[in-house]
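Here's a quick briefing to read next to the model. Have the viewer open and click along as you go.

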Amino acid sequence: MIKPVEYTINVRGRLVDLSQPKVMGILNVTPDSFYSGSRKQTEQEIAARANQIVEEGGAFIDVGAFSTRPGATEVDEAEEARRLKWALGIVRREQPDVPLSVDTYRPSVARRCIEEWGADIINDVSEGGLTGIVNTPIHESGSMFELVGELRVPYILMSVKPTLREMLLAFASEVQQLRDLGAKDIILDPGYGFGKTLEQNYQIMAEAERLLVLELPVLAGISRKSMIYKLTGGTPETSLCGTVALNTVSLMKGAGILRVHDVKEAVDTVRMVSMMSASGQ
């Protein structure tokens, strides 16, 4: 069993230790996210979901307003910003102290979320501007890396590379670029489901502990994704057992954050794996 790297991120002056794995709960303010259970459209639903994530043991809330699944309809910048301003306000009202991550690849939207609407962390699926919706070239203006360096906020850097070798080479270069620009707190996400075949997703997971060579925390975002139900059959709605299984593997390979729809199950998984790790010392 591989332990997460010893790493602490600074969230607006509060230190969050990721050497003990944490759970990030997903809150999607979208009508078309791939998992219907994650879609929250009303103020009451958003408030209830934010409270549920924290009550079930989530350490972070990740708010997204633009589905990046394959075939998703693009949401224009103004609409994404409108949704995020509204949702972040509700979440921050309900949970004033929980660290909020904003799931966006648009630098201009990310800036407003951090500076004006209460978000603390940028979660960028574009690998700094390579892609937006899955397999769709990005066409946003501005540099996410420069923004992160300027704002000095924690940044989740997700890879769209198809192999671990390419991913490690790209991560090494991108982390250096971010450091040169002033970024401090970087979290690596191998990007399961983004730019990868079914087989490549599992090949990467099989060697995911190699990502720790960069001495940065790793986020695993596997929850109910197609790499589960395309292999086992079913749908996102029937993929909880597969999610728990792969989250367990990810923790055993050193993941420091699990990004999930099902928070209680992930928190229980962390507890069990942590107990096993402590017993083996």
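Once neighbours within four places in sequence are set aside, S277 is in contact with M1 and K3, where contact means heavy atoms within 4.5 Å. S277 sits in helix α9, residues 263-279, and helices here are DSSP runs of H or I with at least four residues, strands are E runs of at least two, and both are numbered from the N terminus. With a relative accessibility of 17%, S277 counts as buried (buried is under 20% relative accessible area, exposed is over 50%, partly exposed is in between, using a 1.4 Å probe and protein chains only).

Some housekeeping: this is a predicted model, local features need pLDDT of at least 70, side-chain atom pairs count only at pLDDT 80 or more, and totals for chains, interfaces and linings use all residues. Residues are numbered from 1 along each chain as its sequence is written, and side-chain values use heavy atoms, with hydrogens and water left out.

**Helix pairs**

- Staying with α9, its axis and that of helix α8 (residues 240-252) come within 10 Å and cross at roughly 35 degrees; axes are lines fitted to C-alpha atoms, for helices over the stretch in contact, and angles run from 0 to 180 degrees between N-to-C directions.
- α8 passes α9 in a right-handed crossing, meaning that the near helix is turned clockwise from the far one by less than a right angle, with anticlockwise being left-handed.
- On the α8 side the contact uses L240, V244, N247, T248, L251 and M252, and these meet E265, T269, V270, V273 and M276 of α9.
- Sorted by class, that α8 and α9 contact has seven nonpolar, three polar and one charged residues (Ala, Val, Leu, Ile, Met, Phe, Trp, Tyr, Cys and Pro count as nonpolar, Asp, Glu, Lys and Arg as charged, and the others, Gly among them, as polar).
- Helix α1 (residues 43-55) and helix α2 (residues 77-94) have axes that come within 9 Å and cross at roughly 50 degrees.
- α1 and α2 are therefore oblique to each other; under 35 degrees would be roughly parallel, over 145 roughly antiparallel, 65 to 115 roughly perpendicular, and the rest is oblique.
- α1 also passes α2 in a right-handed crossing.
- E43, I46, A47, A50 and N51 of α1 make this contact with W86, A87, I90, V91, R93 and E94 of α2, a set of seven nonpolar, one polar and three charged residues.

**Nonpolar cores**

- The largest nonpolar core has 78 residues, and I61, I122 and L157 have the most contacts inside it; a core is a set of buried Ala, Val, Leu, Ile, Met, Phe, Trp, Tyr and Cys residues joined through side-chain atoms within 4.5 Å.
- Apart from that one lies another core, of seven residues, including V75, V125, M158 and F194.
- Beyond four places in sequence, the contacts of L157 include F145, F171, V175 and L178, along with the charged D124 and E127.

**Positive phi away from glycine**

- R152 is not a glycine, yet its phi is positive at about 55 degrees.
- The loop between α4 (144-151) and β7 (155-158) holds R152, which counts as partly exposed at 45% relative accessibility.
- E215, also not a glycine, has a positive phi of about 60 degrees.
- E215 lies in the loop between α6 (198-206) and β9 (219-220) and, at 60% relative accessibility, counts as exposed.

**Around Y229**

- Y229 belongs to helix α7, residues 226-232.
- Its C-alpha atom is separated by 6.2 Å from that of S239, 10 residues apart along the chain.
- Not counting residues up to four places away in sequence, Y229 touches R224, G234, T235, P236 and S239.
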